[in-house]
Amino acid sequence: MKKNWPILVVDDEEVMCESMAAWLREDGYRVDIAPNGQKGVELAKASDYAICFVDLKMPEGMDGIETMMEIRRVRPEASVIIITAYATVDTAIQAMKEGAQEYIVKPCNPQEISMLVSRILKLKKLQSENAILRKKLARQYRHHDIITKNPRMEEILRLTQEIASLRSTVLIRGESGTGKELVARAVHFSGNRAEKPFIVVSCAALTETLLESELFGYERGAFTGANAQARGKFELADGGTIFLDEIGDISPKLQGDLLRVLQERRFYRVGGSREVEVDARVIAATNKNLAEQVHQGRFREDLYYRLNVIEINLPPLRDRREDIPLLAEHFVQRISSELGKEISGITAPALKLLIAHDWPGNVRELENVIERAIVTCHNGVLDEQDVSWLRHKDLTAPVWEVPDVPLEELERQAIVAALERKQGNIKEASAALGIDRSTLYDKLKRYEISHRN
Amino acid sequence: MKTLYLVAMGDVPKQVMEWIEHAAAEWLPVAIRRLEARVIPERAYDPKRKQYQSVEMMKMLAEMLPPDSCRLLGVTDVDLAIPMLSFLFGQAQVDGPVALISVCRLRQEFYGLRADEDVLRSRVVKEVLHELGHTFGLVHCDDPKCAMSLATHIQRVDEKDEQYCAQCGLQLLKRFSSQEAEVS
Ligand SMILES: [Zn+2]
Ligand SMILES: [Zn+2]
């Protein structure tokens, strides 16, 4: 058999399914068909489809987007192609944002679809060749996504196992890049909800109204553009876990809505009048000091206590420097195999530089630094010079001592520096200095500083 | 020996049916017979797209399959489509008894050119070999010259030879003889 990639077609219209399948079979593919989303997901669980064609509009049960998200959950490797009619191209673009590989508007030219299929499969073939190699590595780390020998981190890992099968809300605190989502995943996938969805929502990325419909879904006609009913992330997380990242950023109104879900485990879709019941465990994360936010009146106290039933505080990387060599080695192995570059390890001097760095961006920054070093590395091992720019970064970090000069001289220097930074832009320089423009002009005259606009 | 049946669906020029009979006879050692032309049922017509649904036509063919047939090839002059695709030159059941070809888009006139009988005959032959090949279990071939290569537009049809490549030809023969052995 020259093509052993199975393909799935999900459409409520039988003619559409059958004819599409027949056409693809002439090309030598094994094709399965499903008359609805549920059946499609069921089939996807049993077979490793390379491509799933999913019709956007299916009047009964799951719609195309939900089907796609479920299929992608059980088969993250599968490429989903959304099929749509002209009227719904907007929604198809939405589908792409949700992770569809492509969308096609029916009816389409045979050439278009045959090129699309062969393009995707060519890519799959390449990926599967790489994946064999990568899997060998991944297997070693599957159970050790969080790599540590730091006692505080080990304590946290123990805690994640203990609380995994509880339903209690968890609040994870930590600077950005410390791995809050990894810990949340560890909790979810170690517990009795592991087979159910783990849904991530980044609260800071969306405006209030968008976040509201993202979380709770909406009814048809709730606002312009709401052409169909849509389920929110809470509903999608039913039975599983919803991870609310950057919870400290949500608006007072949403704080109220969220509190209600946590208390009553039910909510209304936007524009809806019927309550929806949901059983989703909430894990929230923040890099802010929520207690402080509560104190300042910016975060509801009642919500804070609802969220903070179990608290996990992740230490920054600079407080667990003993993990830096372990993490660095891990990233070198993973990233070099991903990039297809043979890098055997890190030299001692390079490691010394890594350990000395302060890592304000924490583990994520370390990962980025290793990736950058691997990309530019030429001799098979990461050496001091591959990460030497870190040292410059550390040296130029703001270590500033107040010089022993008259106050006027200090002011002059501050003005010159601000003008330089803002490339002579008076408006921005004055804003940076915290004075108004006319004051800045006065001072420029007084210190005889010339400027160009 | 079983029989390959040909049937015109709607009006199809006699000449076209003769070309097809010749081409099939050249490649398959079977008896070939023509059924009486059928009228295309109204339900196969899609007024929105002004095309005919290939699926309906294939269903019709499957229902009229004579008991002593080894294959049934429908031939039509109307424009074929399926919901997903804007058109089809033809359709076949892979390793099944029924196939269908449309002459409509094989005509130069379709592309605003002057009618050309030689060009039409050549294209019809390639399509017949292609769809019959499918019914004997062949799938698309990577050799662009082979009749079994996938053509998604008319230029691709013209690039093909009026024959199978060595591999596809051999496979066809194998499939054919093993199926003959089964029935006898
Ligand atoms: Zn074909
Ligand atoms: Zn061939």
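**View 1. Glu311(A) is partly exposed, with a relative accessible area of 31%.** The model is predicted. Glu311(A) forms a salt bridge with the side chain of Arg173(A), at 3.9 Å from N to O. The pair joins distant parts of the chain: Glu311(A) sits in strand β14 (residues 310-313) of chain A, Arg173(A) in strand β6 (residues 170-173), 138 residues apart. Arg173(A) counts as partly exposed at 24% relative accessibility.

**View 2. Val183(A) is buried in chain A.** Its relative accessible area is 2%. Val183(A) belongs to helix α7 (residues 180-190) of chain A. Beyond its neighbours within four places in sequence, Val183(A) touches Ile146(A), Thr160(A), Ile172(A), Ile312(A) and Leu314(A). Ile312(A) is 129 residues from Val183(A) in sequence, with the C-alpha atoms 9.1 Å apart in space.

**View 3. The peptide bond from Lys106(A) to Pro107(A) is cis.** Omega is near -5°. Pro107(A) is placed in the loop between β5 (102-105) and α5 (110-141) of chain A. Most residues other than glycine have a negative phi, and most peptide bonds are trans.

**View 4. Arg265(A) has a positive phi, near 55°, without being a glycine.** Arg265(A) lies in the loop between α10 (252-264) and β11 (266-268) of chain A. With a relative accessible area of 22%, Arg265(A) is partly exposed. A salt-bridge network links Arg260(A), Glu264(A), Arg266(A), Glu275(A) and Glu277(A).

**View 5. Trp359(A) also shows a positive phi, about 50°, and is not a glycine.** The loop between α14 (348-356) and α15 (362-376) of chain A holds Trp359(A). Trp359(A) is buried, because its relative accessible area of 0% falls under the 20% cut-off.

**View 6. Arg30(A) and Asp32(A) meet in a salt bridge.** Their side chains are 3.0 Å apart, N to O. Arg30(A) is partly exposed, with a relative accessible area of 45%. Asp32(A) is partly exposed too, at 22%. Side chains of opposite charge can pair when their charged atoms come close. Over all chains, the count of salt bridges comes to 40.

**View 7. Arg107(B) and Glu109(B) form a salt bridge in chain B.** The N to O distance is 3.7 Å. Arg107(B) is buried, with a relative accessible area of 18%. Glu109(B) counts as partly exposed, at 39% relative accessibility.

**View 8. Phe110(B), Tyr111(B) and Leu113(B) make a nonpolar surface patch.** The patch covers about 270 Å². Tyr111(B) lies in the loop between β9 (98-102) and α3 (117-135) of chain B. Tyr111(B) is partly exposed, with a relative accessible area of 33%.

**View 9. Helix α3(B) is mostly covered.** Of its 19 residues, 15 are buried. At 1.5 Å a residue, α3(B) should span 27 Å, and its end C-alpha atoms are 27 Å apart, in agreement. Asp116(B) caps the N-terminal end, where a side-chain oxygen lies 3.0 Å from the backbone nitrogen of Asp118(B). Gly137(B) follows α3(B), with a positive phi near 90°.

**View 10. Chain A holds 19 helices and 14 strands.** Chain A has 453 residues, of which 45% are buried. Among contacts in chain A with a separation of 6 or more, 69% join residues 24 or more positions apart. The accessible surface of chain A is about 24100 Å², with 49% belonging to carbon and sulfur atoms.

Technical notes. Residues are numbered from 1 along each chain as its sequence is written. Chains are lettered from A and ligands numbered from 1 in the order in which they are written. This is a predicted model: local features need pLDDT of at least 70, side-chain atom pairs count only at pLDDT 80 or more; totals for chains, interfaces and linings use all residues. Side-chain values use heavy atoms; hydrogens and water are left out. Patches are made of residues with over 30% relative accessible area and no salt bridge: like charges are joined within 9 Å, nonpolar side chains (Val, Leu, Ile, Met, Phe, Trp, Tyr) within 5 Å. Accessible areas come from the Shrake-Rupley method with a 1.4 Å probe; for residues, only the protein chains shown count as cover. A salt bridge is a side-chain nitrogen of Lys or Arg within 4 Å of a carboxyl oxygen of Asp or Glu. Helices (H or I, at least four residues) and strands (E, at least two) are DSSP runs, numbered from the N terminus. Buried means under 20% relative accessible area, exposed over 50%, partly exposed in between (1.4 Å probe, protein chains only). The expected span of a helix is 1.5 Å times one less than its number of residues. A polar contact is a pair of N or O atoms within 3.5 Å; within protein, one must be able to donate a hydrogen and the other to accept it, and residues adjacent in sequence count only if both atoms are side-chain atoms. Contact means heavy atoms within 4.5 Å.
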